[in-house]
Amino acid sequence: MQRTDTDHQHLARAIDLATRGRGRVHPNPVVGAVVVKDGAVLGEGWHADYGGPHAEVNAIADCDGADLTGATIYVSLEPCCHQGKTPPCTDAILAAGISRVVVGSDDPTEKASGRGLGILRDEGVTVDVAGGELAVRARLSNQAFRKHARTGRPWVLFKSAMTLDGKVATRTGDSKWISSDASRALAHRWRASVDAVAVGIGTALADDPQLTARVAHNPARAELADDPQLTSRIELPDDTRELRQPRRVVFDATGRLPLDSQLVQQAPDIPLTVVVSRAAPRSAADGLENAGADVIVATGEHEPARVRSALDQLGEAGVHAILLEGGPHLAGAFLDAGEIDEVRLFLAPLLLGGSKARDPLEGEGVERISEALRALTLDCERVADDVLISARLREW
């Protein structure tokens, strides 16, 4: 792309607009668009609601009937060219007379993957695809969508809270609470941004958690919302009253999850999936299903293989993003499976000590430092008394 400062400005704006659809358009990607003619911005738009008009259509409508012959449209994601719940955006661009399209990133799905850009070029529209920092920003805005499109498996965010000496629980298993109220409020917002929250049976038995997103009326929310550095990575609509609850997923090889647990008692009102292995008794699986849970059987010769099997099945069921909340045993299996895409660690100003205190990750790990998984990016910020460390391990 032959990029000018003006192109950079308008495409950056389109990428920013895309985030306004976060939490509202799943399973579609977030997309923003800006229409410019003769140096003036005529219209802006974003994909605001699942099943509603896409960003390009909204941006063109925002132009209030202006003559768009020779205009440029800046779009954060390649325009769609297929009929879905709405008509193809390529048709809307062509009908408006727009002569140039500047795109932030490709659409990796099989039904798109360059087809829209090819159609536009065939009709005489100039197409420029961004590179560099803007392209990275555009891709990062839709990581769950991109991973699911390429692999069929959900994007996985691992979240944990640890002490200064790297511990997530004492030797007795006590972990309430390592992180601050503000950090826990932020983690609840992350729950509301994903399709599923996953824990192991050890966590389910020890804590009897609900694993729901509980952020409305939280006094810490106002503090978080006022800090743009914190909210920059929060994938959540502003109106918390519209939150959808994530599916709860429990990795429970032998089907030990009690039927009187909060997780089971809230199913099927709040979806619950229990991942068992072939070792689980049929009676246990039947009991969970009769109580309203979905049960899937993960296959494989070891735990990492069963993690991949479970993710394949969850992906087929429409789960695009998972928040992995542990504990250490399950988190280690995900790491060994190569299925952690991003890490967010709250570092609290505490010291536990003790050789038997729990580490955040168990599993097999690697034998040499040279084999360690190195983060692509690393960010740090304050959340009340804690430090939030965010590391992106893969880019899709």
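Predicted model: local features only at pLDDT ≥ 70, side-chain atom pairs only at ≥ 80, totals over all residues.

Next I searched the whole structure for aromatic pairs and found 2. In one of them Trp190 is stacked with Phe346, the centres being 5.5 Å apart and the planes at 15° to each other. I placed Trp190 in helix H7 (residues 181-193) and Phe346 in strand E12 (residues 342-347), so this pair ties together parts that are 156 residues apart in sequence. Phe346 is also buried, with a relative accessible area of 2%.

I then turned to Phe251 and Phe334, whose ring centres are 5.5 Å apart and whose planes stand at 80°, so I record the pair as edge-to-face. This pair, too, links distant parts of the chain, since Phe251 lies in strand E8 (residues 247-251) and Phe334 in helix H14 (residues 328-336), 83 residues apart. Phe251 is buried at a relative accessible area of 12%, and Phe334 is buried at 0%.

Last, I looked up the helix packing: H3 (residues 89-96) and H4 (residues 115-122) pack at an angle of about 25°, with their axes 10 Å apart. That angle is under 35 degrees, so I call H3 roughly parallel to H4. H3 passes H4 in a right-handed crossing, and the contact is made by Thr90, Ile93 and Leu94 of H3 with Gly116, Ile119 and Leu120 of H4.

Technical notes. Residues numbered from 1 in each chain as written. Heavy atoms only, no water. Axes fitted to C-alpha atoms, helices over the stretch in contact; angles between N-to-C directions. Helix = DSSP H or I, 4+ residues; strand = E, 2+ residues; numbered from the N terminus. Parallel < 35°, antiparallel > 145°, perpendicular 65-115°, else oblique. Left-handed = near helix turned anticlockwise from the far one by under 90°. Contact = heavy atoms within 4.5 Å. Phe/Tyr/Trp six-rings, centres within 6.5 Å; stacked < 30°, edge-to-face > 60°. Buried < 20%, exposed > 50% of the residue type's maximum accessible area, 1.4 Å probe, protein only.
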